[in-house]
Amino acid sequence: HCGPHAEGTFTRTRVVEALDQAVAAGVTSIEIEGGEPFLYYPLMLETLREAKVRGLKRGIVTNCYWATSEEDAGIWLEPLVEIGIDSLAVSDDAFHGSDDGDGPASRAFRAAVALGLPTSSIRIEQAGCKTDDKRDRGAAVIGGEVVLKGRAVDKLARDLPHMHYEQFVECSQENLARPGRVHLDPFGNVFVCQGLSIGNLWERPLAEIMAGYDPEQHPIVGPLLAGGPAELARRYGLPAGEEYASECHLCDLVRRDLAEHFPEELCPEQVYGLTSS
């Protein structure tokens with residue numbers, strides 16, 4: 001549920017604090033995502049510099065709105081060459097304005113390759129579409145395995161085949177029992193999946209959060225480990241209907257219904273579309 005109405009932005013002080021905690025907890029790499037990280041371009045560059053000083057690998061995910069031409073894209077990307085990054089993933093599909101093969105992501109992709117940046121593209125296929133993408137630089141096509149989170153639940157689920165909720169007996173997208181990565185938002189929430197919090201970085205150090213993480217006792221993670229979104233639905237009650245497009249579709253809707261009851265574990269509200277736009 002990103003957009004101009006969405007609140008929450010890191011400050012440099014918070015970035016430095018988060019990076020220091022990440023290093024102390026044994027984290028080896030970071031990836032700057034959004035929203036759209038290039039909207040806060042100076043802070044993004046500073047985050048990369050601070051991460052480099054701490055020996056962390058560095059990556060970015062972007063929708064490339066800034067690539068109004070290939071030449072301009074090069075100007076935006078040149079500082080990344082100077083700093084050094086380990087990955088640049090561009091969202092290259094119709095949902096990000098790049099359905100004609102010459103959208104912002106395509107321009108940014110070519111400029112990045114010309115500069116020698118390690119670049120890949122992320123493609124989300126529309127329901128019923130097949131991809132004919134010839135690029136072989138690590139393009140990720142999400143289509144065979146449907147992932148629906150946030151706004152995609154409302155916009156895309158209706159166009160996909162549905163199955164009975166009892167089919168969804170595991171979470172295949174995240175390692176909830178032993179997370180190898182976590183997500184962090186500007187409010188300090190530490191997620192094992194977007195919107196599924198296990199603690200707050202501004203209240204407790206990341207190392208302490210991870211050391212104290214007991215997945216089976218977590219009110220949301222516990223049921224997911226016991227039997228996937230189906231068990232979560234049985235434990236707390238199904239949302240409307242019995243058929244869903246994917247495990248994430250069902251899980252998102254159940255969590256949306258539960259967000260007001262578990263404000264510390266299911267947060268912030270905007271992840272679930274509960275704040276006004």
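Modeller: Let's start with strands β8 and β9 (residues 196-200), which pair in the antiparallel sense over four bridges. This is a predicted model, in which local features need pLDDT of at least 70 and side-chain atom pairs count only at pLDDT 80 or more, while totals for chains, interfaces and linings use all residues. Residues are numbered from 1 along each chain as its sequence is written, and side-chain values use heavy atoms, with hydrogens and water left out.

Strands here are DSSP runs of E with at least two residues, helices are runs of H or I with at least four, and both are numbered from the N terminus. Two strands pair if DSSP finds at least two bridges between them.

On its other pairing, β8 meets strand β7 (residues 183-184) in the antiparallel sense over two bridges. There, H183 stands opposite F191 of β8. The hairpin of β7 and β8 has four residues between the strands, and G188 takes a positive phi near 95°. How many residues of β8 are buried? Five of the five residues of this strand (189-193) are, so β8 is largely enclosed by the rest of the structure; buried means under 20% relative accessible area, exposed over 50% and partly exposed in between, with a 1.4 Å probe and protein chains only.

On a 1 Å grid over the protein atoms alone, a cavity is a set of points where a 1.4 Å probe fits but cannot get out, a pocket is an open set with protein on both sides within 12 Å along at least five of seven lines, and lining residues have an atom within 4 Å of a point. Grid points are joined across faces, edges and corners, and a volume is the space filled by probe spheres set on the points.

β9 gives the largest share, four residues, to the lining of the second largest pocket. That pocket holds about 330 Å³ of space. Of its 17 lining residues, S197, I198, G199, R204 and E264 lie nearest the centre. By class, the lining has five nonpolar, seven polar and five charged residues; Ala, Val, Leu, Ile, Met, Phe, Trp, Tyr, Cys and Pro count as nonpolar, Asp, Glu, Lys and Arg as charged, and the others, Gly among them, as polar.

A search of the whole structure finds one cavity of 30 Å³ or more. The largest cavity holds about 120 Å³, and C171, C193, C248, C251 and R255 lie nearest its centre among 13 lining residues. Two elements, α7 (221-236) and α8 (247-258), each give two or more residues to this lining, with α8 providing the largest share, five. Eight of the lining residues are nonpolar, one is polar and four are charged.

R256 and D252 meet in it at 3.0 Å, N to O.

Notes: Salt bridge = Lys/Arg side-chain N within 4 Å of Asp/Glu carboxyl O.
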